Amino acid sequence: MITELFADEDFQKKLDWMDDFVRSEILPLETIDLDWQGLLQAVAPLKEEVKAQGLWATHLSRELGGQGYGQVKLGLMHEILGKSLYAPLTFGNQAPDSGNSEILAEMGTPEQKDRWLRPLLAGQAYSAFALTELDNAGSDPTGLTTTAVRDGDDWIINGHKWFISNASIADFFIVVAVTDPDAPSHGRTSQFIVPADSAGLRIIRDIPSLDHGASEKNLYGGHSEVVFDGVRVPAHAILGGVGEGFAIAQKRLGPGRIHHCMRWIGQAQRAFDMLCERATYRWAHGSVLGDKQTVRAWIADSAAEIQAARLMTLHAAWVIDQQGVRAARKDIALIKFYGASVLHNVIDRAIQVHGSLGYSDDLPLAWMYKAARAARMYDGPDEVHRETVARLILRDYQPPLDGIPTEHVPTRRQAAQQRFAHLLEASSH
């Protein structure tokens, strides 16, 4: 197995325990309807088992109750957790709480850590990250219009946020707002910790979407429209320094994309297993589907794509562990758009091989497919990541000084004829 390249024997035992635990204890929860409070009750005893194994909130340092694992080990763990929507919640590293806890741990004051981080790590509080706006792309910090204006010892926040994950169940928000509109583009914003019960903070609605219907309210994994109307927070609510909003967001997003991509691989592997199982027993036109050339091609392509995405993501994780997030920018951008494509492709093939059964809710493939579509947009759309990859790659290239392509055969031939003239003369006699 690929984990043998990255995991020692002791850690492999932990991965094996996680895989069995997710399959036997967490996956069954998907088949019953639970509201937020019901879900919390269902996973409470499971969380205790995770903590007993020393696998709770492993993305953080030992000082904060985690294990201090690097990104490679976390990546291997997230592939297993990605098989179920509820597994990250059960292991204390669900988004957006995991990313929020990371920046609170790195940038928070001692008082902020006591009030917000420790309850978050204990699974006693939940959070949201308020960045995106309806008319402004979250991937472009220059377009944000939510503002935070200093008023004596306070900041006053005004703005309209959109598609904020877990907002309706959050105890507090980390809000990105413009504090200096005239500053350079990456220095315009700051981040603020805002309690969910703050005066002027209104959750307008849970937004109906592909993966959540109009009747579903206050759900884990839902997305909300949120208004900040004159929300007043004290000066010490700022996270980090004034103008550091973009820089802090990048600290949060780099490792988070590793976790996203490895969870996608877990989902893709689950769909792949369903695809292969179907190929062994579904009979059509004189043989099982596994004997059909097209289905075999789907199996081979899916296996290759999953393995490629897995290795690319673990390599990006390794670069982060060895050199830091900035050194891994290209690798992270690569896996973000490639991993999303693999996730979609594998689930799509699994649906196709199951026909109407795959399209129905009698298998998990339909909701997996709907959730997978969002992967191409959140944490930056595919197009932004492709642009980043191409820009970083092109930095290593320069136009030829004479305007002639480096591999131009006639030019190379002329140079070779001059260099090896003695050989050519000898061979002519």
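Colleague: Is Arg 205 buried, partly exposed or exposed?

Modeller: This is a predicted model. Arg 205 is partly exposed, because its relative accessible area is 35%, and buried would require under 20%.

Colleague: With which residue does the side chain of Arg 205 meet in a salt bridge?

Modeller: The partner is Glu 225, at 2.8 Å from N to O. The pair links distant parts of the chain, with Arg 205 in strand β6 and Glu 225 in strand β7, 20 residues apart. Glu 225 counts as buried, with 9% relative accessibility.

Colleague: Where does Asp 19 lie relative to Arg 23?

Modeller: Both belong to helix α1 (residues 9–26), and because they are 4 residues apart, about one helical turn separates them. Asp 19 is partly exposed at 23% relative accessibility, and Arg 23 is partly exposed at 42%. A network of salt bridges links Asp 19, Arg 23 and Lys 83.

Colleague: How is the packing of two helices described?

Modeller: One gives the angle between the axes and the distance between them. Here, helices α9 (residues 329–354) and α11 (residues 365–374) pack at about 155°, their axes 10 Å apart. The two are therefore roughly antiparallel, and their crossing is left-handed.

Colleague: Which residues make the contact of α9 and α11?

Modeller: Among them are Leu 343, Ile 347 and Ile 351 of α9, and Leu 365, Met 368 and Tyr 369 of α11. The contact residues divide into 8 nonpolar, 2 polar and 1 charged.

Technical notes
Residues numbered from 1 in each chain as written. Predicted model: local features only at pLDDT ≥ 70, side-chain atom pairs only at ≥ 80, totals over all residues. Heavy atoms only, no water. Axes fitted to C-alpha atoms, helices over the stretch in contact; angles between N-to-C directions. Parallel < 35°, antiparallel > 145°, perpendicular 65-115°, else oblique. Left-handed = near helix turned anticlockwise from the far one by under 90°. Contact = heavy atoms within 4.5 Å. Nonpolar A, V, L, I, M, F, W, Y, C, P; charged D, E, K, R; others polar. Buried < 20%, exposed > 50% of the residue type's maximum accessible area, 1.4 Å probe, protein only. Salt bridge = Lys/Arg side-chain N within 4 Å of Asp/Glu carboxyl O.
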